[in-house]
Amino acid sequence: MAREAGMIEPFAEGQVRDSEQGRVISYGVSSYGYDVRCSREFKIFTNVYSATVDPKAFDDKSFVDVESDVCIIPPNSFALARTVEYFRIPRDVLTICLGKSTYARCGIIVNVTPLEPEWEGHVTLEFSNTTNLPAKIYANEGVAQMLFFQSDEVCEVSYKDRAGKYQGQRGVTLPRT
């Protein structure tokens, strides 16, 4: 369904476990979902400027921008990234994201809010390092799994109908009010 509906671009037909660089954390179609990759764009949380984290008045100086194949998240901190894949969610589908066990077993938690019907864009990913050690995230490898729930009818009001503030987002997107 995802391929036919153009829901995910680029789309990996099966589970990809190897690349030109060797073994990778898998991505692509899974049993009942799709394992997404993390891009090379990261925003790593920092307290250099002693900013207060306020979702209504977010100060982008709270982050350091990094473009790399690897992101090192400081202990007990977090980083934002985005998916390589661009999503177009149909009007009758709700999408939930869960972290991959490879990262979860290292104390790295992935958080993403649901992708609502008719939402579209790159997914902003939050990686929380719950350990007291630095943690590594690999770009262009699997980081989370998207699960798609199709309803037997379309929703009454979609994200697009509401003109949601994150509609069509590209790149790592910070909180908007």
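First, the ground rules. This is a predicted model, where local features need pLDDT of at least 70, side-chain atom pairs count only at pLDDT 80 or more, and totals for chains, interfaces and linings use all residues. Residues are numbered from 1 along each chain as its sequence is written, and side-chain values use heavy atoms, with hydrogens and water left out.

What is the lining of the largest pocket by class? It has 16 nonpolar, 5 polar and 2 charged residues. Nonpolar means Ala, Val, Leu, Ile, Met, Phe, Trp, Tyr, Cys and Pro; charged means Asp, Glu, Lys and Arg; the others, Gly among them, are polar. E10 gives the largest share of the lining, 4 residues. Strands are DSSP runs of at least two residues, numbered from the N terminus.

Next, cysteines. The search of the whole structure finds 0 disulfides, meaning pairs of cysteine sulfur atoms within 2.5 Å. Take Cys 38. Its closest cysteine sulfur, in Cys 71, is 7.5 Å away, too far for a bond. Cys 38 is also buried, at 0% relative accessible area. Buried means under 20%, exposed over 50%, partly exposed in between, with a 1.4 Å probe and protein chains only. Cys 155 is partly exposed at 21%.

Last, salt bridges. The count is 11, each with a side-chain nitrogen of Lys or Arg within 4 Å of a carboxyl oxygen of Asp or Glu. Arg 37 pairs with Glu 85 at 3.0 Å, N to O. Arg 37 sits in strand E4 and Glu 85 in strand E7, so the bridge ties together parts 48 residues apart in sequence. Both residues are buried.

Arg 40 bridges to Glu 67 at 3.3 Å. Arg 40 is partly exposed, at 30%, and Glu 67 is exposed, at 60%. Asp 69 joins Arg 40 and Glu 67 in a network of salt bridges.
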